[in-house]
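Subject: Structure handover

Hello,

Here is the structure for your files. My notes on it follow below the entry.

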Amino acid sequence: MNGVWVATMQSEHYTWTAIGKTEDEAINAIVKEWQKGSGHAYRDTMTREELEAYYGINCIYYKFGKCQWC
């Protein structure tokens, strides 16, 4: 493994950040937390596709030991 995928999403109140070995793993970690994590009972139920369309989930690959400008 040469790096990690970092997914981020901005909701009305929080910045959501997750790390994964794959792009899907990182994005799905945010989706899982949204659907089942702390406070989920107060959030609208949304699928991955709905979260991506409504909030936008960005995912970038970062290589270990490298600096990346965004």
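Strand 1 and strand 3 are an antiparallel pair, joined over seven bridges. One of the contacts between them sets Gly3 against Lys63 in strand 3, its bridge partner. Please keep in mind that this is a predicted model.

Overall layout

The protein chain contains two helices and three strands. Read from the N terminus, the elements come in the order β-β-α-α-β. The C-alpha trace spans about 40 × 20 × 20 Å along its principal axes.

The three strands make an open sheet with the order 2-1-3 and antiparallel pairing. Strand 2 (15-20) and strand 3 (57-63) are at the edges; each has a single partner strand, so one side of each has no neighbour in the sheet. From one strand to the next, the twist averages 20°.

Strand 1 covers residues 3-10, and its antiparallel pairing with strand 2 runs over six bridges. Strand 1 and strand 2 form a hairpin, with four residues between them. Gln10 has Thr15 in strand 2 as its bridge partner, and Thr8 stands opposite Thr17 in strand 2. As background, strands of a sheet pair through backbone hydrogen bonds, in either a parallel or an antiparallel sense.

The helix on the sheet

Helix 1 is made up of residues 23-36 and lies across strand 1, strand 2 and strand 3. Relative to strand 2, helix 1 runs at about 140°.

Aromatic pairs

How many aromatic pairs are there? The count comes to five.

The largest pocket

The largest pocket has a volume of about 200 Å³. Its lining consists of 13 residues, and those nearest the centre of the pocket are Glu12, His13, Trp34, Arg43 and Tyr55. By residue class, the lining of the largest pocket divides into seven nonpolar, three polar and three charged residues.

That covers the sheet, the helix across it, the aromatic pairs and the pocket.

Regards

Note on methods:
Residues are numbered from 1 along each chain as its sequence is written. This is a predicted model: local features need pLDDT of at least 70, side-chain atom pairs count only at pLDDT 80 or more; totals for chains, interfaces and linings use all residues. Side-chain values use heavy atoms; hydrogens and water are left out. Two strands pair if DSSP finds at least two bridges between them. Axes are lines fitted to C-alpha atoms, for helices over the stretch in contact, and angles run from 0 to 180 degrees between N-to-C directions. Contact means heavy atoms within 4.5 Å. On a 1 Å grid over the protein atoms alone, a cavity is a set of points where a 1.4 Å probe fits but cannot get out, and a pocket is an open set with protein on both sides within 12 Å along at least five of seven lines; lining residues have an atom within 4 Å of a point. Grid points are joined across faces, edges and corners, and a volume is the space filled by probe spheres set on the points. Ala, Val, Leu, Ile, Met, Phe, Trp, Tyr, Cys and Pro count as nonpolar, Asp, Glu, Lys and Arg as charged, and the others, Gly among them, as polar. Rings of Phe, Tyr and Trp (its six-membered ring) pair if their centres lie within 6.5 Å; planes under 30 degrees apart count as stacked, over 60 as edge-to-face and the rest as tilted.
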